[in-house]
Amino acid sequence: MTLHLKAPGQFPIVVQALVFFLCLVPGAPAQTADIDTGALHRLIQPHLPRPLADGEKLPTDSFDTSIILFKDEEPVLFSIPGFKSLGCRACHEGESLHRKATDRMRGVLARLKKIRPDLKRVPLRQYIIQSWPDALLTPHQLAHTTFDTIRISPAAVLIDREVYGENTHLHEFLHLTQKFVGPANELEAYGLNVRSDPRFLLLNFPYFEDVVKTFFMPDLPKVLNDFFSRPIKEKLDVPREVQWFLAPFDPSALDRLQRAIEKMKPLLFEVERLNHAHPKTTAYLSEQTGNSALTLEIAAARHLTLPDPEVPDEIRRKAFEFFDRQMKKNDNTRLGYKVDRKKEALLFIQHQLKVPDEQSRLFLYFHYLKERFVSPRGEIILRVEDDKDFASYVLARIEDIRKMTMFEGLTEIEREAARQNLR
C-alpha cells in the first residue's frame, strides 16, 4: 500500500496513481469529504515522516499494549516506537491512542469479514504506528503489511480517518489474508476499491482500463483525462491522489462508471477466487507478462461475450502467434525487466499487421486469452509454460522473505511469522 506525502524539505510528492492504497466497502460514492485540502494539509503537518539522521539509532523506547479485538482470538500488540523520544507524548496520551486503535481495528475487521465471509481468519498479531521511513516503510509507502503486522505512519492514520473512512486499514487487512506476494494481490485489493467508489478505478486505472473501455465504457480515456486534468495545489503536503479524490467531479461520469462496475462484479469475484486458489501462479503470470491486470482480463475473456474483431483470418492467425511469443517470454522474471508484453504485442499488430482500430486490436487480445486460458468446458486454466522459470521465480520470492528477516528494524513477531512462511 502506497501513500505519497512530502516531508518538509526532504521528499517530493510523487504521482503514481496505479499504486494507490484505497479500499472501501460497498456503498454509494460520496462527492466530498468533511475536510478540505487546506485543513488536511495543516492537520498532517506535525505528523509527516521524519527521516532518521545519518548514524541515528532506531528508537529504543516504545508505548506497547496488548489488544483483545474479539473473544477467543489471539491478542494484537499495539506499538508506537519512539513514543517518548520522538516527542509523540508531548501532544498525545498513549492510552487514548490505544483505545482509538482498538475501535478502528475492530470496525475494519468486522467490515472485511462482512464483505468477504470466505476469509475465515485475518492473521493480525501486531499493529505499529511508525514515525520514520525505512526499508519496511519507505518514504512513499507510508502504510505496509509485513508478516502478521501492519505498519502505518501517523500521517496515513489521519488521512485514512479524515478522507477514506479507515479504508487504508481495510486494504492492509486484506493483504494479511493473501498467501503469496505480487501484483495479483494489489489487483484483488483494488477490486474492493472500485466496488465501493468509481473514483478508485480512475485513480488505479491501469488495473482496469482495457476491460472497462473494451466491454463497458468506451469513453473511459476521456473521463480519465478530465479527472486528472483538474488543477491541484502542488505546495501542499497532501498527495495529488487525495486532492483529486476530494475535488468534485462530473457526477454523470461517475454514475455511468459505477453502473459499469456493477456489471464487472463477476469478474472481480473471479479475480479473488483465482488469487486465493492459485496464489503463486497468478503472481508469476502477472510478473512474467508485465501485466498486473492479467487475471481480470482472463476473467473477462471467460465470462463476457467477445465481439468479432472483424479482421481477415490471416491477420487473426498472425496476431495470435505474436501474442503467444510475447506473452510466453520470461525476461521479466529471469532478467528483471518490466515490459508489458500485451502492449508490445498490440503495438506490433497496429504497425506491422496494419490494424489501426484500437478496439479491434483489444478484441483480438481477449480472443487470444480465451484460446490460451479457457478450456472448451469454460474452465479457467492458468497455464505456466516454463516450469523451471516458475520454480525459480517462487524460490526468488522466498529468498526475498529470508533477506527481510535479517533487517534490523524487524520485530520478533515479524521474524517468527516470516520463518513460518519459509517452512
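How much accessible surface does the protein have, and what share of it belongs to carbon and sulfur atoms? In this predicted model, the accessible surface comes to about 19,400 Å², and carbon and sulfur atoms account for 52% of that area. The chain is built from 18 helices and five strands. Its radius of gyration is 22 Å, in agreement with the value near 22 Å that a compact globule of 423 residues would have.

**Overall dimensions and packing**

- Taken along the principal axes, the C-alpha atoms fill a box of roughly 75 × 50 × 45 Å.
- Of the 423 residues in the protein, 55% are buried.
- When contacts between residues at least 6 apart in sequence are considered, 72% of them join residues at least 24 apart.

**Charge**

- The protein carries 60 positive and 59 negative side chains.
- The centres of these two sets of charges lie 1 Å apart.

**Cysteines**

- The structure holds zero disulfides.
- The cysteine sulfur closest to that of Cys88 belongs to Cys91, and the separation of 8.6 Å is too far for a bond.
- Cys91 is likewise in no disulfide, its nearest cysteine sulfur being that of Cys88 at 8.6 Å.

- Helix H4 spans residues 167-177, and because eleven of its eleven residues are buried, the helix is largely enclosed by the rest of the structure.
- The buried residues of H4 include three histidines, His169, His171 and His175.
- Also among the buried residues of H4 are Asn167, Thr168, Glu172 and Thr177, together with Leu170, Phe173, Leu174 and Leu176.
- Helix H12 (294-303) is mostly covered, with eight of its ten residues buried.
- The buried residues of H12 are Leu294, Thr295, Leu296, Glu297, Ile298, Ala299, Ala300 and Ala301.

**Helix H16 (residues 358-373)**

- Which residues does Phe373 touch, not counting residues up to four places away in sequence? They are Leu285, Ile298, Glu379, Ile380, Ile381, Leu382 and Arg383.
- Phe373 belongs to helix H16 and is buried, with a relative accessible area of 1%.
- One of the contacts of Phe373 is Ile298, a buried residue of H12.
- With residues up to four places away in sequence left out, Arg361 touches Phe323, Leu346, Ile349, Gln350, Val355 and Pro356.
- One of these contacts, Phe323, falls within the range of helix H13 (313-327).
- Arg361 and Ile413 are 52 residues apart in sequence, and their C-alpha atoms are 50 Å apart in space.
- The C-alpha atoms of Glu358 and Thr60 are separated by 58 Å, and the two residues are 298 apart along the chain.

**Positive phi angles in loops**

- Most residues other than glycine have a negative phi.
- Asp148 has a positive phi, near 60°.
- Asp148 is placed in the loop between strand S4 (143-145) and strand S5 (149-152).
- With 18% relative accessibility, Asp148 counts as buried, since the buried class covers values under 20%.
- Glu310 also has a positive phi, near 55°.
- Glu310 lies in the loop that runs between helix H12 (294-303) and helix H13 (313-327).
- Glu310 counts as exposed, at 71% relative accessibility, whereas Asp148 is buried.

Notes:
Residues are numbered from 1 along each chain as its sequence is written. This is a predicted model: local features need pLDDT of at least 70, side-chain atom pairs count only at pLDDT 80 or more; totals for chains, interfaces and linings use all residues. Side-chain values use heavy atoms; hydrogens and water are left out. Helices (H or I, at least four residues) and strands (E, at least two) are DSSP runs, numbered from the N terminus. The radius of gyration is taken over C-alpha atoms; the globule rule is 2.2 Å times the number of residues to the power 0.38. Buried means under 20% relative accessible area, exposed over 50%, partly exposed in between (1.4 Å probe, protein chains only). Contact means heavy atoms within 4.5 Å. Accessible areas come from the Shrake-Rupley method with a 1.4 Å probe; for residues, only the protein chains shown count as cover. Lys and Arg count as positive and Asp and Glu as negative; His and the chain ends are not counted. The place of a charge is taken as NZ of Lys, CZ of Arg, CG of Asp or CD of Glu. A disulfide is a pair of cysteine sulfur atoms within 2.5 Å.
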